[in-house]
Amino acid sequence: MKIVTVIGARPQIIKAAALSRAISNHFAGSINEIIVHTGQHYDQNMSQVFIDELGIPKPKYNLNIGSSSHGIQTARMIEGIEKILMDEKPDYLVLYGDTNSTLAGAVAAAKIHIPIAHIEAGLRSFNKSMPEEINRIMCDHASTLLFSPTQTGFNNLVNEGFNPANKAPFHADHPGIFHCGDVMYDNSLFFKALANKRQNILRENNLEDKAFILTTIHRDSNTDVPERLSAIFSALLTISEENHIDIILPLHPRTAKLMETNLTGNLYNRVKKSDKLKLIPPVSFLDMIVLESNCKLVMTDSGGVQKEAYFFKKPAVILRGETEWKEIVEAGCGIIANAGESKIIEAFEFYNNNNNTLSFPKIFGDGNAATFICQTMLDNLL
Ligand code: UD1
Ligand code: UDP
């Protein structure tokens, strides 16, 4: 079987490691994977670092699309991916998540009748002002095999009309839906063992043997709206100053650029001068695991990071108005604080006082999602 996998944005590159590892461990003789990098993310620390560190095969193609408006970026990707699909004629196009690279792959493949396997299917924020919500709905509805990481995601698909009783042979008008666990849980289990051997990131940032908070911010709904970005940073300053706690922030390039213009008043200067807010460039995935597993709690608007907080049994203050991972909130391990300054501070205080009473039920599978996905594609060759 030949598959083409599209990667482009940071989280997809990381997710792809799980499938590539399962192929090389269990399906080397039966699955030939060709990787296409759209170039949506291109800085060394947003892309190549993961390919090198996580053992992902070198992409055969890099479209080098880079940054642009949604329309231009997606259109250029569609053009490039279509040509590759026509040349390679794979049995499946594998797509991850909900980025513009995902949408471009879905449009390109669906129109030339190449079956799509969508990993992370069914997730919904029910907020169509999010570009990702549009991307996921469109991709799911063009797919042939839909792999949902959670029961909620599976239920969302059923609610949208996908029939869980469908039997093979599957095709785009008769898709198969599967609740198979999360490939990122597979990855976190696997890479935790490697990450345990390195603690440099803690040493370099003077965080050894200290309670600290890990924060990431990159959603356009936060970075592009001055009031929201300012409320979040103002809350971070208050929390760090009043509690004498360090906050480490590996900064997404989008945030690094927009902070300068979108933080109001003298907030930008206060943030830059703070010795408690540690703003650092994006870190590698292994370093991220070290930070996630050693921090006291996580504050984030990232989908991936709130989930990894849960994998490593850390509570998450969610800097958005909703989450696709509602199991985390239902388990009491995440609080939706949105971009409300006082809500963020209250959520921090809640977890600061109740950290030891949390439990983290196993809701993201058994660490073998990628193997299941590979086997299901093989069992359903058209
Ligand atoms: C994208 C995804 C988002 C995902 C995130 C993961 C879409 C619509 N959004 O958002 O779902 O959560 O990736 O990180 O696909 N930039 C650089 N260097 C890079 C990459 C980006 O400087 O290597 C800067 C550019 O100024 C660019 C901006 O970041 O304009 C945004 O990048 P883009 O890929 O368009 O969106 P993200 O915010 O990264
Ligand atoms: N990540 C990383 N280094 C960083 C920030 C994030 O390796 O500096 C990883 C993180 O551990 C997770 C993924 O990137 O696996 C999440 O990506 P991001 O937050 O950019 O996107 P989202 O998951 O929200 O789509």
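Q: Which element gives the most to the shell around ligand 2, and with how many residues?

A: α14 gives the most to that shell, with 4 residues. Keep in mind that the structure is a predicted model.

Q: How many residues surround ligand 2, and which are the closest?

A: The shell around ligand 2 holds 19 residues. R219, V283, S302, G304 and E308 are the closest of them.

Q: How much of ligand 2 does the protein bury?

A: The reference is the area that the ligand exposes when taken alone, which is 540 Å² for ligand 2. The protein buries 95% of that area.

Q: Which elements give two or more residues to the shell around ligand 2, and how do its residues divide by class?

A: The elements are α1 (10–26), α13 (285–294) and α14 (303–311). By class, the shell comprises 10 nonpolar, 5 polar and 4 charged residues.

Q: At what distances do the side chains of E132, R254 and K257 meet oxygen atoms of ligand 1?

A: An N or O atom in the side chain of E132 is 2.6 Å from an oxygen atom of the ligand. For R254 the side-chain distance is 2.7 Å, and for K257 it is 2.8 Å. As for cover, ligand 1 has 740 Å² of accessible area on its own, and the protein covers 88% of it.

Q: How can empty space be found in a model?

A: Rolling a probe the size of a water molecule over the atoms shows where space is left empty. In this structure, the second largest pocket has a volume of about 170 Å³. It is lined by 14 residues, and those closest to its centre are Y185, Y310, F311, K313 and K362. The elements that give two or more residues to this lining are α7 (183–195) and α14, and α7 gives the most, with 4 residues. The lining has 9 nonpolar, 2 polar and 3 charged residues.

Q: How many cavities of 30 Å³ or more does the structure hold?

A: The structure holds 1 such cavity. About 30 Å³ of space lies in the largest cavity. Its lining includes I119, F147, P149 and I373. By class, the residues that line it are 6 nonpolar, 2 polar and 2 charged.

Q: In what order do the strands of the sheet come, and with what pairing?

A: The open sheet has 7 strands in the order β3-β2-β1-β4-β5-β6-β7, with parallel pairing. β3 (61–62) and β7 (176–179) stand at the edges with a single partner strand each, so one side of each has no neighbour in the sheet.

Q: What joins β2 to β3?

A: Strand β2 (residues 32–37) is joined to β3 by 2 bridges, and the two run parallel. One pairing to inspect is that of V36 with its bridge partner Y61 in β3.

Q: What backbone geometry do most residues and peptide bonds have?

A: Most residues other than glycine have a negative phi, and most peptide bonds are trans. Here, the peptide bond from A168 to P169 is cis, with omega near 0°. P169 is found in the loop between α6 (151–159) and β7. K89 has a positive phi, near 45°, and is not a glycine. K89 is placed in the loop between α3 and β4 (92–96).

Key
Residues are numbered from 1 along each chain as its sequence is written. Chains are lettered from A and ligands numbered from 1 in the order in which they are written. This is a predicted model: local features need pLDDT of at least 70, side-chain atom pairs count only at pLDDT 80 or more; totals for chains, interfaces and linings use all residues. Side-chain values use heavy atoms; hydrogens and water are left out. A residue is near a molecule or strand if one of its heavy atoms lies within 4 Å of it. Accessible areas come from the Shrake-Rupley method with a 1.4 Å probe; for residues, only the protein chains shown count as cover. Ala, Val, Leu, Ile, Met, Phe, Trp, Tyr, Cys and Pro count as nonpolar, Asp, Glu, Lys and Arg as charged, and the others, Gly among them, as polar. On a 1 Å grid over the protein atoms alone, a cavity is a set of points where a 1.4 Å probe fits but cannot get out, and a pocket is an open set with protein on both sides within 12 Å along at least five of seven lines; lining residues have an atom within 4 Å of a point. Grid points are joined across faces, edges and corners, and a volume is the space filled by probe spheres set on the points. Two strands pair if DSSP finds at least two bridges between them. A polar contact is a pair of N or O atoms within 3.5 Å; within protein, one must be able to donate a hydrogen and the other to accept it, and residues adjacent in sequence count only if both atoms are side-chain atoms.
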